[in-house]
There are 2 protein chains.
Amino acid sequence: MKQAEQLATAYLALWNERDPKRRLDLLASNWTADARYADPLMKGVGAAEISALVGAVHDRFPAFRFRLTGAPDGFEDFARFSWAFGPEQGDAVVEGTDFVRQANGRIASVTGFLDRVPAEA
Amino acid sequence: MKQAEQLATAYLALWNERDPKRRLDLLASNWTADARYADPLMKGVGAAEISALVGAVHDRFPAFRFRLTGAPDGFEDFARFSWAFGPEQGDAVVEGTDFVRQANGRIASVTGFLDRVPAEA
């Protein structure tokens, strides 16, 4: 598996992790202590805040999962990949692309963009 | 015009600027002094290096131009947009997506990814 694909797979595993303790373990292992996450809807700095963002998504959409779409790619410390979020069985509801910067082999910064959101009611 | 679209339009105008003096003026006006540019093929820091990267592309592909594709989007200090590069009249040869981080209204960092490259001969 290519490095960018490994990164993306591990990253989405964090987003799919429902157990807060395991999320903090993953963040401690794979992210820098002052890592930053930001997308158009939310942002956080450090493991506690980022884990809380993930937990809030699980609370709101308990039956939804993230999955990788397309082929991740990267160079040097940079990677990007796209994902879909929706019911485990069924069509995705939201799609996005995340851009990651690593430092010393750990995730230092994630900036997320939304590629598809549900039409307004 | 939305903020991300203005940013992308100004950014591609720099890449299409053949005059080194005007490029340095654009970089001085719109980028931070220590701005970083990186893509899978090249990288540079600061106006002189970034202008030289743009110049090298013009030297190699003198009749090619960059144009915006799709709809740029952004939030806070972040933006992304996609572009195509090719002859002014004719199909694009290379396509890519750039992620931009701004600081105090200036471009501080650009990370470029390639979406389509010519098939290997």
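**Reading a predicted model**

Q: In which element does Arg106(A) lie?
A: Arg106(A) belongs to strand β6 of chain A. Strands (E, at least two residues) and helices (H or I, at least four) are DSSP runs, numbered from the N terminus. This is a predicted model, in which local features need pLDDT of at least 70 and side-chain atom pairs count only at pLDDT 80 or more, while totals for chains, interfaces and linings use all residues. Residues are numbered from 1 along each chain as its sequence is written, chains are lettered from A and ligands numbered from 1 in the order in which they are written, and side-chain values use heavy atoms, with hydrogens and water left out.

Q: Is Arg106(A) buried, exposed or partly exposed?
A: Buried means under 20% relative accessible area, exposed means over 50%, and partly exposed lies in between (1.4 Å probe, protein chains only). Arg106(A) has a relative accessible area of 32%, so it is partly exposed.

Q: Which residues does Arg106(A) touch, not counting residues up to four places away in sequence?
A: Contact means heavy atoms within 4.5 Å. On that basis Arg106(A) touches Ala28(A), Ser29(A), Asn30(A), Trp31(A), Thr32(A) and Arg101(A). As for Arg23(A), it is 83 residues from Arg106(A) in sequence, and their C-alpha atoms are 15 Å apart.

Q: What is the C-alpha separation of Val94(A) and Arg116(A)?
A: The two C-alpha atoms are separated by 5.5 Å, although Val94(A) and Arg116(A) are 22 residues apart along the chain. Val94(A) is placed in strand β5 of chain A, and it is buried, with a relative accessible area of 16%. Leaving aside neighbours within four places in sequence, the contacts of Val94(A) are Trp83(A), Ala84(A), Phe85(A), Leu114(A), Arg116(A), Val117(A) and Pro118(A).

Q: How is the packing of two helices described?
A: Two packed helices are described by the angle between their axes and the distance between the axes. Axes are lines fitted to C-alpha atoms, for helices over the stretch in contact, and angles run from 0 to 180 degrees between N-to-C directions. In chain A, the axes of helix α1 (residues 3-16) and helix α3 (residues 46-60) come within 8 Å and cross at roughly 60°. That makes α1(A) oblique to α3(A); angles under 35 degrees count as roughly parallel, over 145 as roughly antiparallel, 65 to 115 as roughly perpendicular and the rest as oblique.

Q: Which residues of α1(A) and α3(A) meet?
A: Leu14(A), Trp15(A) and Asn16(A) in α1(A) meet Leu53(A), Val54(A), Val57(A) and His58(A) in α3(A). By class, this contact has five nonpolar, two polar and no charged residues. Here Ala, Val, Leu, Ile, Met, Phe, Trp, Tyr, Cys and Pro count as nonpolar, Asp, Glu, Lys and Arg as charged, and the others, Gly among them, as polar.

Q: Which residues of α1(A) are buried?
A: They are Ala4(A), Leu7(A), Ala8(A), Tyr11(A), Leu12(A), Leu14(A), Trp15(A) and Asn16(A).

Q: What span should the 14 residues of α1(A) have?
A: The expected span of a helix is 1.5 Å times one less than its number of residues. For α1(A) this should give 20 Å, and its end C-alpha atoms are 20 Å apart, which agrees.

Q: How many aromatic pairs does the structure hold?
A: Rings of Phe, Tyr and Trp (its six-membered ring) pair if their centres lie within 6.5 Å; planes under 30 degrees apart count as stacked, over 60 as edge-to-face and the rest as tilted. Over all chains, the structure holds 29 aromatic pairs. One of them is the stacked pair of Phe61(A) and Phe64(A), 5.3 Å centre to centre with 20° between the planes. Phe61(A) is partly exposed at a relative accessible area of 29%, whereas Phe64(A) counts as buried at 18%.

Q: Where do the partners Phe99(A) and Phe113(B) lie?
A: Their pair crosses between chains, from Phe99(A) in strand β5 (residues 94-103) of chain A to Phe113(B) in strand β6 (residues 106-116) of chain B. The pair is edge-to-face, with 6.0 Å centre to centre and 80° between the planes. Phe99(A) counts as buried at 11% relative accessibility, and Phe113(B) counts as buried at 0%.

Q: What is phi of Asn104(A)?
A: Most residues other than glycine have a negative phi. Phi of Asn104(A) is near 55°, a positive value in a residue other than glycine. Asn104(A) is placed in the loop between β5 and β6 of chain A and is exposed, with a relative accessible area of 79%.
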